[in-house]
Amino acid sequence: MTFPRRRAFVRQCLRVVAGLALIAVPMLSARAADAPDFVRDGTLAVCTNPTLPPMTFVNGTDTTAMAGVDLDLAQALANYWKVKLVTTPMDFVGLFPSLAAQRCGMVISGLIKLPARERNFDAISYLDTALVVVARAGTPPITSMADLSGRTVAVQSGTSYAARIAREDEALLAAGRAPITIQQYPTEDAVVQQVLIGRVFAFASQDVELYYRQKQLHGKVSVILRSDYPEYRHFAVYIRKNAHDRESVEAAIGTLDANGTLAIIRKKWGIGTSSTQAFAQAGHVPAFRWDTFLAALTSPAFARGALITLAVAVLSHITAIVISIPMAMALNGRDSILKVVLRAYVSIFRGAPTLLQLLFIWNALPQFFPIFREEWFTPFLATWLSLSVNESAYQVEINRAALSAVDKGQEQAADALGMNRRQVYFHVIFPQALRIALPPTINEFINLLKTTSLASVISLQELLSVTQIEVARTFEFTEYYAAALVYYLAMVFFFLFVQKRVERRFTWADRHRASANVP
Amino acid sequence: MYPDPDTDPSIMISVRNLSKLYKDFIALNRLNFDVKRGEKIVILGPSGSGKSTLIRCFNRIEPHSSGSLTINGQIINDHTSLPRLRGMVGMVFQNYNLFPHLSVLDNCTLAPRLVRRTSRHDAEDMARRFLTQVNILEQANKYPIQLSGGQQQRVAIARALCMRPDVMLFDEPTAALDPEAISGVVSIINDLAAQGITTLCVTHEMGFARHIADRIIFMDQGCILEITPPDTFFTNPRTERARAFLDQMIRC
């Protein structure tokens, strides 16, 4: 009776498979529910501002290689969820707008857990900390924030320290004492610089940073106060508000803490291992390190930054010129609705700050058109787009003036010889308008070349971004600033030289010089 | 009545009921006349009488509003090929309007090369020929800014001739010239007529008009008041308006 037995065996197998399926299905769905929604596409996208060692910074000359506690945590979370990690460096002020614009699922950037931020985003803490006040080495310790009355204190802009100190000021003023003056700087290293050069009395920062800076600062600063503010106790990751995501991130960080991963990361970056007073005595530091300066000048990072600056400026200006020529012709023509629209375009893009336009295109455009959230829309493209649009609004006025400066009789004479519109413009009007437009256009271009530095706020790794990242890493700001200056001046002088050469071709407009050129 | 331009080959330009309107303003009011091949016509009249507007109708820089215009047997209207018409009808402007960014030679070769697709070599040969005819070949490599008014005038004529026109229009050719240069222009225009080129010329210069004109057209307020040979016009004008105009010109 093999047949029924075989049948029974098959039935048995089916039962086992069904049973396994019953167990497996809830397991699978449990795993899926475990991961937050923003990693559903298989990538964990993290935005960070890599200028805050040891949390997030560029640890070397390669500006694309970021490191720090936050980057290690991001990698650990990505491993935990079994997804790919994508990190995007950007300016501090761009972090939360990028999170809101869904350009990243998570911001990990040495951010403090603050109730004000938690109104709009969910925060999950991952590291304990404290706010410290730091002054030049040798400054006697103080006992409370109120002791800073009448002093100037530097903080990083966009951080909450400024607002906290402002509240301290209200108390001081109420008590009839002088307030603390606050100065804000865009990067943490710029803040430290102010203390080093003696412009401010002290700076406010987090203790973890000082652990890391001990070596770099060569004992030039010391902690004069560890504040007892309750709200500066935790670093947190930020995500868009979502109860489920919040639970899953809490669970993930809880697991990483329990299995010792976080402890390993803390140890790696020297956090909590030494006291903040453990600064060595100051050694001799030369005023200007020529080797650092020369190394920066010849480094691939600076060359790449300069190339990006140059490329985005040239492409933007060419685009601006191409779109502004027909605009200028329309504006010089008959009244029409098009003319009203163009006038509005020119007013808007000349009126709004370029920085705002960059931020708008990078952070607000994706809210209206999700296509700009995709990977192809790089910081380079965004900068190109916004600077082209912005520059065309200026260039159109130059073109308009140049075109109207060409005598109307020229067009008539060309018409009377039977030339078509295209021939009239390309052979008669444009060559004459070019002479008038060229000097102001080169001026505009030089301005634009320098304006590209604004694109650091949308994470374009152009020359100034590279410089700031290097300064944050080493604190040798004089040397790196000097290197950047050399690059900018070299580029500007090159274009001034080109202008001179091109102007030589316009001798036809100058009777004496024209005569000198005739054999 | 008028001869039929279609059948009479000696007629170069035929104007019938030609009018030009700018909104409500009548710039040209129902004009009628014929111009013979090789004829030299001078158009006189006070400022605003429509003289310049009239000659600008011939190369359609100002398209006429109604009536008919026939040049060399071709009816000129919206369907006329402008490059062809303007190749047939050349024009010299009051301010010459030379292209300042091009040398004298390139001023002359630009349009033949672009519009006629003439090779650079052939265009330059032709340009040299016409520059020689107007006696300015030695300036061929200079820029317009280096030339005197009279020299620029002659370059402008050579530039127009390079398109091999049948008709030449002159808008105030003597306005900016000294007397010596004016006599130069007179001989050039007589030269053109000898080659069979029809000339229409707007001027304020009475002596110049008397020297070159086969016939004078006198205009006022968009209308033609007289078409007569210069001797008759200057010694015995038929209309009171022409007489007053001449009196005024002589008094100046």
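The model is predicted: local features need pLDDT of at least 70 and side-chain atom pairs count only at pLDDT 80 or more, whereas totals for chains, interfaces and linings use all residues. Residues are numbered from 1 along each chain as its sequence is written, chains are lettered from A and ligands numbered from 1 in the order in which they are written, and side-chain values use heavy atoms, with hydrogens and water left out.

β2(A) and β3 (residues 56–58) of chain A pair in the antiparallel sense over 2 bridges; two strands are taken to pair if DSSP finds at least two bridges between them. Chain A has 19 helices and 13 strands, where helices (H or I, at least four residues) and strands (E, at least two) are DSSP runs numbered from the N terminus. Of its 519 residues, 50% count as buried, a term that means under 20% relative accessible area, with exposed meaning over 50% and partly exposed in between (1.4 Å probe, protein chains only). Among contacts (heavy atoms within 4.5 Å) in chain A between residues at least 6 apart in sequence, 80% join residues at least 24 apart.

A:Q102, in the loop between α3 (95–100) and β6 (106–107) of chain A, has a positive phi of about 60 degrees although it is not a glycine. Most residues other than glycine have a negative phi. A:Q102 counts as partly exposed because its relative accessibility is 42%.

The account now turns to the interface. The size of an interface is often given as the accessible area lost when the parts come together. Chain A and chain B bury about 2,200 Å² between them, 64% of it on carbon and sulfur atoms; this buried area is the accessible area (1.4 Å probe) that two parts lose on being put together, summed over both. The contact takes 24 residues from chain A and 26 residues from chain B. Across this interface the rule finds 0 salt bridges, a salt bridge being a side-chain nitrogen of Lys or Arg within 4 Å of a carboxyl oxygen of Asp or Glu. The rule does find 7 residue pairs in polar contact, both residues at pLDDT 80 or more. A polar contact is a pair of N or O atoms within 3.5 Å; within protein, one must be able to donate a hydrogen and the other to accept it, and residues adjacent in sequence count only if both atoms are side-chain atoms.

On the side of chain A that touches chain B, α15 (408–416), α16 (421–451) and α19 (511–517) each supply at least two residues. α15(A) gives the most, with 7 residues. Within α15(A), the buried residues are A:G409, A:Q410, A:A413, A:A414, A:D415 and A:A416. Their cover includes α16 of chain A together with α2, β6 and α5 (149–161) of chain B. Just after α15(A), A:G418 takes a positive phi of about 90 degrees.

Strand β6 (residues 89–92) of chain B is covered on both faces: B:V89 and B:M91 on one side and B:G90 and B:V92 on the other are all buried. β6(B) pairs in the parallel sense with strand β7 (residues 167–171) of chain B over 4 bridges, and B:G90 stands opposite B:M168 in β7(B).

The loop between β6 and α3 (104–115) of chain B holds B:N97, a residue other than glycine whose phi is positive, near 50 degrees. B:N97 is buried because its relative accessible area is 6%. α3(B) itself is mostly covered, with 9 of its 12 residues buried, among them B:V104, B:L105 and B:C108. What covers them includes α16 of chain A together with α4 (120–133) and α5 of chain B. B:R117, which follows α3(B), has a positive phi near 60 degrees.

Another loop of chain B, between β5 (74–75) and α2 (82–88), contains B:N77. This residue counts as partly exposed because its relative accessibility is 29%. A polar atom of the side chain of B:N77 lies 2.9 Å from the backbone nitrogen of B:H79.
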